[in-house]
Amino acid sequence: MFQTLRHWFRRRRFREGRTFSQFIACDVRRDILIISAARIDEGIITGRVRTSNVLYVSRGLAPEPEFEPPRELRIEDMWHWTGQSWGGLPDGTSIVDHLHESKD
């Protein structure tokens, strides 16, 4: 019974063409555009991901990124962030680190 309800809610929520946005760190937002929900009962969707640091984009330090090519995503891992909790970049550095490296 629980599985049936879970599948029904997932099919209703994760529809093709919808875009989900969520902050995954203090200043990092991830947008996911759903391309296909054919494997939703397995917990997998096909989507395009765009992860951006909203402070960098709003200050003009980084351009607004485009969506990545479509790929399969597990629903449990959609909002996983590998960087620091304060934001920055996914590798744990900040844009300042990269600007200093390019000047040297």
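This is a predicted model: local features need pLDDT of at least 70, side-chain atom pairs count only at pLDDT 80 or more; totals for chains, interfaces and linings use all residues.

The chain has 104 residues, and 33% of them are buried. Its secondary structure consists of three helices and four strands. Read from the N terminus, the elements follow the order α-β-β-β-α-β-α. The chain exposes about 7,000 Å², with carbon and sulfur atoms supplying 54% of that area. Turning to contacts with a separation of 6 or more, 46% of them link residues 24 or more positions apart.

Let me now turn to the sheet. In what order do the strands of the open sheet lie? The order is β1-β2-β3-β4, and the pairing is antiparallel. β1, residues 19-25, and β4, residues 71-74, stand at the edges with a single partner strand each, so one side of each has no neighbour in the sheet. On average, neighbouring strands of this sheet are turned by 50 degrees against each other, direction ignored.

β1 and β2 make a hairpin, with two residues between them. Six bridges join these two antiparallel strands, β1 and β2, and within this pairing T19 stands opposite L33 of β2. β2 and β3 are also antiparallel, and eight bridges connect them. D31 has R50, in β3, as its bridge partner. Finally, β3 and β4 run antiparallel and are joined by four bridges. Here G47 has its bridge partner in β4, namely R71.

Which residues form the largest nonpolar core? There are eleven: F14, F20, I32, I34, A37, I40, I45, V49, L73, I75 and M78. Two of the strands, β2 at 28-36 and β3 at 44-53, each supply at least two residues of this core. If we leave aside residues up to four places away in sequence, A37 touches F14 and E16.

That brings me to the aromatic residues. How many aromatic pairs does a search of the whole structure find? The search finds two. One is formed by W8 and F9, whose ring centres are 4.9 Å apart and whose planes make an angle of 75 degrees, an edge-to-face arrangement. The other ring pair I wish to show is F14 with F20: the centres are 5.2 Å apart and the planes lie at 50 degrees, so this pair is tilted. Are these two phenylalanines, F14 and F20, buried or exposed? Both F14 and F20 are buried. W8, by contrast, is partly exposed, because its relative accessible area of 42% falls between the limits of 20% for buried and 50% for exposed.

Thank you for your attention.

Key:
Residues are numbered from 1 along each chain as its sequence is written. Side-chain values use heavy atoms; hydrogens and water are left out. A nonpolar core is a set of buried Ala, Val, Leu, Ile, Met, Phe, Trp, Tyr and Cys residues joined through side-chain atoms within 4.5 Å. Buried means under 20% relative accessible area, exposed over 50%, partly exposed in between (1.4 Å probe, protein chains only). Contact means heavy atoms within 4.5 Å. Two strands pair if DSSP finds at least two bridges between them. Axes are lines fitted to C-alpha atoms, for helices over the stretch in contact, and angles run from 0 to 180 degrees between N-to-C directions. Accessible areas come from the Shrake-Rupley method with a 1.4 Å probe; for residues, only the protein chains shown count as cover. Rings of Phe, Tyr and Trp (its six-membered ring) pair if their centres lie within 6.5 Å; planes under 30 degrees apart count as stacked, over 60 as edge-to-face and the rest as tilted.
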